[in-house]
Amino acid sequence: MSIGELLAATVPMVRTLNLEYLETTPEKAVLALPDQSEYRNHVGGPHAGAMFTLGESASGAIVLAAFGDQLSRAVPLPVTAEIAFKKIALGPVTATATLGRPVAEVVAELDEGSRPEFPVSVAIQREDGAVTSEMTVIWTLRPNS
């Protein structure tokens with residue numbers, strides 16, 4: 001089962017918004033939010049809450065791809081999230097997430113007994129390639145007790 005299939009099966013909001021997992025690797029996660037009238041805002045584009053969920057979901061997908069082998073000893077959790085809306089989003093949008101720190105560096109901190117934090121950057125784009133939103137989610141790997 002792929003990470004996208006796993007998340008679609010276990011996270012109800014992913015199914016609610018019909019998020020599509022296009023690519024999920026430790027280097028990059030790409031998710032799509034289809035154009036759906038029930039999730040549009042007052043200007044006809046995807047609602048800000050739907051775009052936030054898309055971005056946070058992309059960040060979670062890359063975290064699972066990069067640190068899935070650490071789940072027996074730590075749980076990944078978002079710490080903070082910030083989103084900036086840059087342009088009007090209309091139609092389907094795609095979120096691309098990238099890790100802000102090397103995986104080995106984060107795992108080394110976990111090995112030392114600390115609770116590492118690391119940023120995930122997300123760009124949300126329209127079909128024409130224009131970036132409509134930029135998001136940063138700070139994640140941690142909380143060691144299991």
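One aromatic pair is present in this predicted model, where a pair requires ring centres of Phe, Tyr or Trp (its six-membered ring) within 6.5 Å. The rings of F67 and F118 have centres 4.9 Å apart and planes at 45°, so the pair is tilted; planes under 30 degrees apart would count as stacked, and over 60 as edge-to-face. F67 belongs to helix α3 (residues 48–67) and F118 to strand β5 (residues 117–126), so that the pair links distant parts of the chain, 51 residues apart. Helices (H or I, at least four residues) and strands (E, at least two) are DSSP runs, numbered from the N terminus. F67 counts as buried at 1% relative accessibility, and F118 is likewise buried, with a relative accessible area of 1%. Buried means under 20% relative accessible area, with a 1.4 Å probe and protein chains only.

As to the basis of these values, residues are numbered from 1 along each chain as its sequence is written, and side-chain values use heavy atoms, with hydrogens and water left out. Local features need pLDDT of at least 70 and side-chain atom pairs count only at pLDDT 80 or more, while totals for chains, interfaces and linings use all residues.

Let me turn to the chain as a whole. It has four helices and six strands, following the pattern α-α-β-β-α-β-β-α-β-β along the sequence. Of its 145 residues, 38% count as buried. Among contacts (heavy atoms within 4.5 Å) with a separation of 6 or more, residues 24 or more positions apart account for 68%. The C-alpha trace spans about 50 × 30 × 20 Å along its principal axes.

Technical notes: Buried < 20%, exposed > 50% of the residue type's maximum accessible area, 1.4 Å probe, protein only.
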